[in-house]
Amino acid sequence: MAWDPNQGQPDNPNTGYGPPPNPYNAPPNPYANPPENPYTNPPENPYAGPPGYQGGPGYYPPPQSAPLPLREAIRNLPNQYIKVTTKPGPMTFAEEMGKASWDIVWVQLIFYAIISTILSYLATLISGTNFNTPTGGGSVNPALLQSIRSITLGITFGQIILIPLFFFIGMAIIYGLARAFGGQGTFLTQSYTYLLFDVPLGIVSSLIALIPIAGGFIAIAIGIYRIVLAIFSVMAVHRLSGGRATAVVLIPIGVALLLICGLLVLVVALFAAALQQR
């Protein structure tokens, strides 16, 4: 049978003239099944503050309150004292403030008052010879000398009551200022964290003060360090920025210094007036 050239190529594969594959077939669509959207909403921020808190540079997440039993809390105090005084910073106080409780606050206050009273009495005994040795060849009125001794001993032994009293007065002032600056901590937590550095450094300062002359300068340096730790404590407890916490701590100190200066001026004026009348 003759092949008609108008009928196209035969389908016989042996001829080698089969229809070529279509080179324009569409390739498989790589976007038919798109992958899961990698830009979904991120997980909840684990560092977010409590409801209603706006956050800020001074925010330190408060730990859960977990007060220790009194015996265990007393046993842990030395390690806490070392940690707070050797690793200063707001986060150090934030890690410890969850252990606050009133029983351990009172234990520290009573212990501090007793030790301070004993050290003050030793200082009085050491300096007692100065009262018995007149300077410049003059004589000392025995009644005046006895009055000075009585007042000194009264103040010394009165520290058992005065230390807790002035402590809570100072804490109340700081707490009020912190709340005025937007602080969110509690009075108990503030008192607890403050004692963690005030008790050990206060005792060390009293011991060093027994050293003549040099002890006074070292005690001043320790006092400045206590102010720094107080600022860190306020930052952690009340979740305040460094500037606001500094203002909270320094305002009462500035007012107290002004009152002391005014009192000294008054005493000097009264003493000068008494000398003129003699």
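**View 1. Helix 4 gives the largest share of the lining of the largest pocket, 10 residues.** The model is predicted. The pocket has a volume of about 1,200 Å³. Its lining counts 27 residues. Nearest the centre lie Phe166, Phe167, Tyr194, Asp198 and Arg226. Helix 3 (102-132), helix 4 (142-180), helix 5 (187-208), helix 6 (214-238) and helix 7 (242-277) each contribute at least two lining residues. By type, the lining splits into 19 nonpolar, six polar and two charged residues.

**View 2. Tryptophan 106 and phenylalanine 168 form one of nine aromatic pairs in the structure.** The pair is tilted, with 5.3 Å centre to centre and 50° between the planes. Tryptophan 106 belongs to helix 3 and phenylalanine 168 to helix 4, so the contact ties together parts 62 residues apart in sequence. Tryptophan 106 is partly exposed, at 40% relative accessibility.

**View 3. Phenylalanine 167 and tyrosine 194 form a tilted pair.** Their ring centres are 6.1 Å apart and their planes meet at 55°. Phenylalanine 167 sits in helix 4 and tyrosine 194 in helix 5, so this pair ties together parts 27 residues apart in sequence. Phenylalanine 167 is buried, at 8% relative accessibility.

**View 4. Helix 7 bends by about 25° at leucine 250.** Proline 252 follows within four residues of the bend. Ala245, Val248 and Val249 of helix 7 are buried.

Note on methods
Residues numbered from 1 in each chain as written. Predicted model: local features only at pLDDT ≥ 70, side-chain atom pairs only at ≥ 80, totals over all residues. Heavy atoms only, no water. 1 Å grid on protein atoms, 1.4 Å probe; cavity = no way out; pocket = protein on both sides within 12 Å on 5 of 7 lines; lining within 4 Å. Points joined across faces, edges and corners; volume = space filled by probe spheres on them. Nonpolar A, V, L, I, M, F, W, Y, C, P; charged D, E, K, R; others polar. Bend = angle between axes of the 7 residues up to and from the residue. Buried < 20%, exposed > 50% of the residue type's maximum accessible area, 1.4 Å probe, protein only. Phe/Tyr/Trp six-rings, centres within 6.5 Å; stacked < 30°, edge-to-face > 60°.
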